[in-house]
Amino acid sequence: MKRLIVLMVAFVSVFLLADNQLANLRGDTPLDAEGEPPKMKAVENSDLKRERAYPQQAPTIPHDITGYQVDLNFNRCLACHSRKKADEAQAPMVSITHYMNRDGQFLADVSPRRFFCTQCHITQQETKSLIENTFVDMDTLVKGEE
């Protein structure tokens, strides 16, 4: 029991004496106050395909999708990226895997489990990282160039 109390006191004192050196979204705003939210950054809108950092990474969305309807009734993404519309819209077609059901059988339309695009695919924003990022992409890792 004494060890537990000593550990708890040590743990709490580390945070009390840390002098706010931990990165956080609150900044200098006290816990009992509501701070001014940061302005939202503009979404990247370059329409250029991004390089993927690892195999099987879902591609990012290279354009603004603000206001796109993606619900049970309609998917705005498929107006350009479906198998039927991709050539006309000059947009990449969704992966053929999106037309497969759980048993690996091909369907005539996008599988219901792949219908909500933003579950896996996201837009990008040019922002400063909250914490240091030490991610190493797959090619660099394989080459051993860390």
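Let's start with a pair of charges. Arg50 forms a salt bridge with Glu44, and their closest N and O atoms are 2.7 Å apart. A salt bridge here is a side-chain nitrogen of Lys or Arg within 4 Å of a carboxyl oxygen of Asp or Glu. By this rule the count comes to 1 salt bridge.

Some ground rules. This is a predicted model, with local features needing pLDDT of at least 70 and side-chain atom pairs pLDDT 80 or more, while totals for chains, interfaces and linings use all residues. Residues are numbered from 1 along each chain as its sequence is written, and side-chain values use heavy atoms, leaving out hydrogens and water.

Back to the pair. Is Glu44 buried or exposed? Glu44 counts as buried, at 16% relative accessibility. Arg50 is partly exposed, at 36%. The cut-offs: buried is under 20% relative accessible area, exposed is over 50%, partly exposed is in between, with a 1.4 Å probe and protein chains only.

Glu44 also touches His63. The other contacts of His63 include Val43, Asn45, Asp47, Tyr68, His81 and Thr123, not counting residues up to four places away in sequence. Contact means heavy atoms within 4.5 Å. His63 counts as buried, at 15%. Where is His63 found? In the loop between helix 1 (2-16) and helix 2 (78-81). Helices are DSSP runs of H or I, at least four residues, numbered from the N terminus.

Next, the core. The largest nonpolar core has 5 residues: Leu78, Val94, Tyr99, Val110 and Phe115. Such a core is a set of buried Ala, Val, Leu, Ile, Met, Phe, Trp, Tyr and Cys residues, joined through side-chain atoms within 4.5 Å. Tyr99 touches Val94 and Val110 from that set, and also residues including Arg83, Gln105 and Asp109.

Now cysteines. How many disulfides are there? The count comes to 0. Cys80 is in no disulfide; the nearest cysteine sulfur, that of Cys77, is 8.8 Å away. The cut-off is a pair of cysteine sulfur atoms within 2.5 Å. Cys80 is partly exposed, at 24%. Cys120 is exposed, at 56%.

Last stop, helix 4. Val142 sits in this helix, residues 138-143. Val142 counts as exposed, at 64% relative accessibility.

That's the tour. Thanks.

Terms used
Helix = DSSP H or I, 4+ residues; strand = E, 2+ residues; numbered from the N terminus.
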